[in-house]
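These are my notebook entries on a structure that is new to me. I set down what I looked up, topic by topic.

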Amino acid sequence: MADGNEKEITNLEQAQLDFISTVSHELRTPLTSIRGFADTLLSSGDRLTPEQREKFLTIIKEQSNRLINLVENLLTASKVKLGEEMFVYKSVVPVSYIDSCIKLIKQKYQTHKFVFESEPKILPILIDTDKFQQIIINLLDNAAKYSPENSTVTVKILQSITENLVKIEITDEGEGISEENQNKIFKRFSRIDSPLTRTVQGNGLGLFITKNLTEKMNGQISIKSEQGEGSTFVLTFPIAKVEDPCSKKLKE
Ligand code: ADP
């Protein structure tokens with residue numbers, strides 16, 4: 001029994017140490033770059049051409065944004081995990097919310113094509129609309145980020161009355177995800193080591209947050225993908241129960 005407890009504590013401590021080490025590493029890389037370029041600007045600023053100054057300042061700004069994203073993601077991840085995230089539920093038809101996410105992401109990935117298809121008369125689902133949009137934006141951002149320029153990202157909304165579900169599918173033409181990695185990528189800080197992942201920025205927290213937010217709203221997330229064949233992330237949410245005002249009155 002004592003052995004079991006000791007092992008448990010050791011595992012927890014190990015997880016904490018791993019966490020501190022990963023976060024420190026994630027913080028150190030952009031901070032080192034910011035300090036390096038700030039030092040160069042201070043020590044030899046007057047010898048630099050205007051183009052060089054602009055380039056260095058742009059890197060400082062990009063690396064600061066990377067730090068802000070990381071800290072925001074860390075805060076959201078811990079709030080979600082500790083159950084401290086507040087959810088404000090509304091019964092809404094999700095189509096227009098998804099449409100505005102696509103418009104937003106389109107501005108960031110101008111060479112990608114985005115296709116949006118929806119079955120008619122989609123029924124409402126019970127969601128926190130801000131958190132729902134955070135989920136859709138994370139998935140759309142990944143779909144574009146991990147697929148080549150000029151490729152297509154397709155978003156489909158379907159519903160199954162018999163299963164009582166609204167289904168949202170986000171499909172890309174990227175490098176795909178092997179079955180082994182599909183089990184890993186929802187874990188904190190998990191990134192697939194591939195030539196493409198190494199060139200795009202990320203901290204491995206997006207899907208962890210996405211899965212947790214989805215499940216807190218009674219939804220589910222899954223992946224259909226094969227290595228080299230693109231990926232489809234599938235979200236399902238239960239159709240909201242209709243509060244029939246007549247039956248409510250009768251009960252009263
Ligand atoms: P990040 O994008 O910040 O690294 P995520 O948690 O959003 O973190 O994703 C975890 C990892 O899953 C990514 O680093 C990437 O390797 C892989 N991944 C996510 N979405 C896709 C996708 N659509 N296609 C291929 N790989 C993906």
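**Terms and source.** I take helices (H or I, at least four residues) and strands (E, at least two) as DSSP runs, numbered from the N terminus. I am working with a predicted model, in which local features need pLDDT of at least 70 and side-chain atom pairs count only at pLDDT 80 or more, while totals for chains, interfaces and linings use all residues. Residues are numbered from 1 along each chain as its sequence is written, and side-chain values use heavy atoms, with hydrogens and water left out.

**Confidence.** I began with pLDDT, the predictor's confidence in each residue, from 0 to 100. I noted an average of 90 for the protein, with 92% of the residues at a score of at least 70. Over residues 246-252 the pLDDT stays under 50, and I found that the model has 1 contact for them beyond four places in sequence; contact means heavy atoms within 4.5 Å. Where pLDDT is low, the predicted coordinates should not be read in detail.

**The sheet.** In what order do the strands of the open sheet lie? I read the order E2-E4-E5-E7-E6 for its 5 strands, with mixed pairing; two strands pair if DSSP finds at least two bridges between them. E2 and E6 are the edge strands, each pairing on one side only. From one strand to the next I noted an average twist of 15°. For such angles, axes are lines fitted to C-alpha atoms, for helices over the stretch in contact, and the angles run from 0 to 180 degrees between N-to-C directions. Helix H4 (residues 129-145) packs on this sheet and touches E2, E4, E5, E6 and E7, its direction making about 25° with that of E5. H7 also packs on the sheet, where it touches E6 and E7; its direction makes about 130° with that of E6.

**E4, E5 and their turn.** I located asparagine 164 in the loop between strand E4 (152-160) and strand E5 (165-172). These two strands pair in the antiparallel sense over 7 bridges and form a hairpin with 4 residues between them. Asparagine 164 has a positive phi of about 60°, although it is not a glycine. I recorded asparagine 164 as partly exposed because its relative accessibility is 37%; buried means under 20% relative accessible area, exposed over 50%, and partly exposed in between (1.4 Å probe, protein chains only). Within the pairing, leucine 158 has lysine 167 in E5 as its bridge partner.

I followed lysine 167 across to E7, where it stands opposite threonine 236. E5 and E7 run antiparallel and are joined by 8 bridges. Threonine 236 is also the bridge partner of glutamine 220. E6 pairs with strand E7 (residues 231-238) in the antiparallel sense over 6 bridges. They form a hairpin with 5 residues between them, and glycine 228 in the turn has a positive phi of about 80°.

**The loop between E2 and E3.** I compared two residues of this loop. Lysine 121 lies there and counts as exposed because its relative accessibility is 75%. Its phi is near 55°, a positive value in a residue other than glycine. Isoleucine 122 is in the loop between strand E2 (113-118) and strand E3 (125-127), and it counts as buried because its relative accessibility is 8%. Leaving aside neighbours within four places in sequence, I listed its contacts as Val93, Pro94, Val95, Ile157, Leu158, Gln159 and Val166.

**H2 and H7.** I noted that helix H2 (residues 50-82) and helix H7 (residues 206-216) pack at an angle of about 35°, their axes 10 Å apart. Asn73, Thr76, Ala77, Val80 and Lys81 of H2 meet Phe208, Ile209, Asn212, Leu213 and Lys216 of H7.

**Glutamate 85.** I placed glutamate 85 in the loop between H2 and strand E1 (90-92). Is glutamate 85 buried or exposed? I recorded glutamate 85 as buried because its relative accessible area is 17%. Apart from neighbours within four places in sequence, glutamate 85 is in contact with Thr76, Lys79, Val80, Lys131 and Leu213.
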